[in-house]
Amino acid sequence: MTDAYLAIDGLTKAYPGVVANDDVSFAIAPGQIHALLGENGAGKSTLVKMIYGLVKPDKGQMRVNGTPFEPANPHAARGAGVAMVFQHFSLFDALDVSENIALGMDNPPPMRELAQRITDVSEAYGLPLDPTRRVGDLSAGERQRVEIIRCLLQNPKLLVMDEPTSVLTPQEVEILFKTLNKLSDEGTAILYISHKLEEIRALCDHATVLRLGKVVGECNPREKSARELAEMMVGQTLHTPSRDYAEPGDVLLTVEGLTLAPANEFGTRLRDVAFELRAGEVLGIAGVAGNGQDELLAALSGERTTKPDAVRLKGIPIGRHGPNARRAAGLLAAPEERLGHAAAPEMSLTENALLTGDIREQLTTNGFVAWSKARDFAGKVIEAFDVRTPGTETAAGALSGGNLQKFVIGREILQRPEVLVVNQPTWGVDASAAAAIRQALLDLAAQGAGVVCISQDLDELMEISDRISALTEGRMAPPRPAKGITIEEIGLMMGGAHDMHEAHPEEANA
Amino acid sequence: MSLIRLEKRPAPSRLLSGLTPILAVIATMFAGGIMFAALGFSPFEAIRIIFWDPLFDPQFGPYSRPQLLVKAGPLILIATGLALGFRAGIWNIGAEGQYIMGAIVGAGAGLAFYPSESFLIFPFMVLAGAFGGWAWAMIPAILKTRFGTNEILVSLMLVYVAENILASVSSGLLRNPDGMGFPGSRNLRRDFPAASNTEIFADTGMHWGVVAAFIAVILAYVLMSRHKMGFSIRLAGEAPRAARFAGVSPARLIIFCLGTAGALAGLAGLFEVSGPAGQISIDFNTGYGFTAIIVAFLGRLHPVGILLAGLLMALTYIGGELAQLMLGMPAAAIQLFQGMLLFFLLAMDVFANYRVRIGTPEIAK
């Protein structure tokens, strides 16, 4: 351990009611790219905050190059050579790149000199960045470069990166990885936190796995499969949902000629979307976010109405029906955004159960809410879907993403829908919760309901769908049987629609 | 480099949200005291006259105590209605106009039957008053639902329209024919018993408007805590997108909230014109509709809180008048004092929702 740059020994930090870190020990050698793995709530952020001097450990110690390291604040941590790039950037849009960097430095040099140093560092590490550009005009990837260069200017010995790729395009990820590898070659240690197991396998040479605040394993991620890594994180064998391709039943939902103007200037126009959904079937709809997914969900849930015939449930036109009329008819939905759309963050789970459960669970009589019935219904959802919460009166926003998503999906499934439409059902959800949600969707289909699953996660769609289609710029490709389909073929479906779109340049400008 | 930063709390502190009204009152007394001192008045005496003497002074108490309910009644009635909209994110700033229109339509409905003595006249006036306020509030409501206009601006501008209508009818349509040409309607309380809103118990200030205020508080409480409409109102205020997903129609909500607030403000106007004020006159309105906004927020938009806040605000009104009388304090100083109360309440709210941290600025949450 003597050659380690940072050695962590027995760090413990408890918050009221939860031990965030329990006797955590590991070491990072100079030049090592060290992954920190764990589910939401495993204690990764607490650990990183202790290293960066934002949180004081209750017990245990850290050593930097063998000398005790007890940073009282981030300033002290930076003094010892620790730099950190946060998941959420702290930049001022109205200022230019060098002004933003100067603001974050402990002793900024004169602006002209700083601009020169920014240019030097950005060239040296292959991170193109113009110091005179306004941050407001930069892409997410470029903003991250500002943060990274701010760190690099301090000549860090350890760079901590928290979920750095969640905002990047694949091309930007590639550039980032090149930079990190170069830094590593020069002897900078990197502590890399991510959910994306394939990335960790590609980038990191060592991984420490945290579960419920404890170190449960160390490994070389290159020698493990993504599945093995996930199972180390979760601590149980991951259950792959089983799927029998059943004979589909009668047509439940018919969508035909569904065209919808975007709700706002950032929205996407739905163009002549058409599909059929049969009983017992899961229809997967692939596509990169922003290609009409939100609009399609709104058109199906009833938040946006269309011409009556565009949406038919068991032959009955419901295009003009609002959300509650559709619920009464058996068409239920779970939108992508949990906080503020599928659920009201500041309201209790009981109130959130009432939010969509009113009609089918008969939670009101003559307009008066039967709170005890709503509480019972919320309790049933919590029980049936293993939602981890102190109780039904907890605010929805206090739940972790995975738990709230289980609640949101469970709330709809327990209302026995005939058709359920879900958008990104496992987005930002940890592996075990995601598996539970997928299984629940399959079980629902097995009971004879139809499920429309809109998702960006192609693996997920391949796992649960009977038929797969793709949404691109508001157009939907004709669904194809999922059995035997490859990721490349789904990619082609997305591309195929794209070609069609290029044939109408005047619409592209509209 | 160290800055004072505000860090959002994961959930608003319940203790502090309960305490902020009290802290705001204390801060207002403190800052108000400094202002009074700067104006050359003894701060302790001024604050005693405003908060204590109206209730307990042997000389003024018997006169002031009934005034408490007389002033608090309309404030509570209006604020209860406004709070419904405020909870849903619908900002009706024009209660003063709805109050005036309720008074005009209600008084006009009664005066049309002068000098009948039918006991039906007063109930009819109550309905007419509520209708007047409701109809005036429907203007911003319909403009908002149809054309997406801003209800803040429209409702506020309509206050000035209503004031001009008030000036017009008090010297025209509703002018007392026996009034020697002076502007102002017949005095309902004095000259028209069937249309007068009399004190229910002598010397308590308890008139029908106060009864209506108490009933409104109870109904609003039941609506907000037990009824689906109250749930929809809260949902729309906290998460508008979730409300739409839950099937709440924004247009219906706007019509309901503005309509209810308008009707209650109209009722307040009718009870005022037929009781304490007695007649339609150019200076009939005294700003209850605006003060009720403060009352609604001071009461944390909660019906019971509004009840208490209305009484407190009424106290500052009465105490303020007493201070003008006793100390010769300018009326503007009293208004400033009331404004401070809202300012401090909103400022204190920040502490319920945010934690103050002193530290380096680059730390993200």
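Helix α9 of chain A (residues 293-301) is largely enclosed by the rest of the structure, because 8 of its 9 residues are buried (under 20% relative accessible area, with a 1.4 Å probe and protein chains only). The model is predicted: local features need pLDDT of at least 70, side-chain atom pairs count only at pLDDT 80 or more, and totals for chains, interfaces and linings use all residues. Residues are numbered from 1 along each chain as its sequence is written, chains are lettered from A and ligands numbered from 1 in the order in which they are written, and side-chain values use heavy atoms, leaving out hydrogens and water.

**Helix α9 of chain A**
- The buried residues of α9(A) are Gln293(A), Glu295(A), Leu296(A), Leu297(A), Ala298(A), Ala299(A), Leu300(A) and Ser301(A).
- Helices here are DSSP runs (H or I, at least four residues), numbered from the N terminus.

**Helix packing in chain B**
- Two packed helices are described by the angle between their axes and the distance between the axes.
- Axes are lines fitted to C-alpha atoms, for helices over the stretch in contact, and angles run from 0 to 180 degrees between N-to-C directions.
- The axes of α9(B) (residues 208-226) and α14(B) (residues 303-327) come within 8 Å and cross at roughly 155 degrees.
- These two helices, α9(B) and α14(B), are therefore roughly antiparallel (angles over 145 degrees).
- In this pair, Phe214(B), Val217(B), Ala220(B) and Tyr221(B) of α9(B) meet Pro303(B), Val304(B) and Leu307(B) of α14(B), contact meaning heavy atoms within 4.5 Å.
- The residues of the α9(B)–α14(B) contact comprise 7 nonpolar, no polar and no charged.
- Helices α13(B) (residues 288-298) and α15(B) (residues 331-353) pack at about 35 degrees, with axes 10 Å apart.
- Ile294(B), Phe297(B) and Leu298(B) of α13(B) make this contact with Gln338(B), Leu341(B), Leu342(B) and Leu345(B) of α15(B).
- The residues of the α13(B)–α15(B) contact comprise 6 nonpolar, 1 polar and no charged.

**Two buried asparagines**
- Asn187(B) lies in the loop between α7 (151-171) and α8 (188-191) of chain B and is buried, at a relative accessible area of 9%.
- The side chain of Asn187(B) reaches the backbone nitrogen of Arg189(B) at 3.0 Å.
- Leaving aside neighbours within four places in sequence, Asn187(B) contacts Phe192(B), Gly278(B) and Gln279(B).
- Asn100(A) is located in helix α3 (residues 97-103) of chain A and counts as buried at 1% relative accessibility.
- Not counting residues up to four places away in sequence, Asn100(A) touches Leu91(A), Phe92(A), Leu95(A), Val135(A) and Arg150(A).

Conventions. Parallel < 35°, antiparallel > 145°, perpendicular 65-115°, else oblique. Nonpolar A, V, L, I, M, F, W, Y, C, P; charged D, E, K, R; others polar. Buried < 20%, exposed > 50% of the residue type's maximum accessible area, 1.4 Å probe, protein only. Polar contact = N/O pair within 3.5 Å; in protein donor to acceptor, adjacent residues only side chain to side chain.
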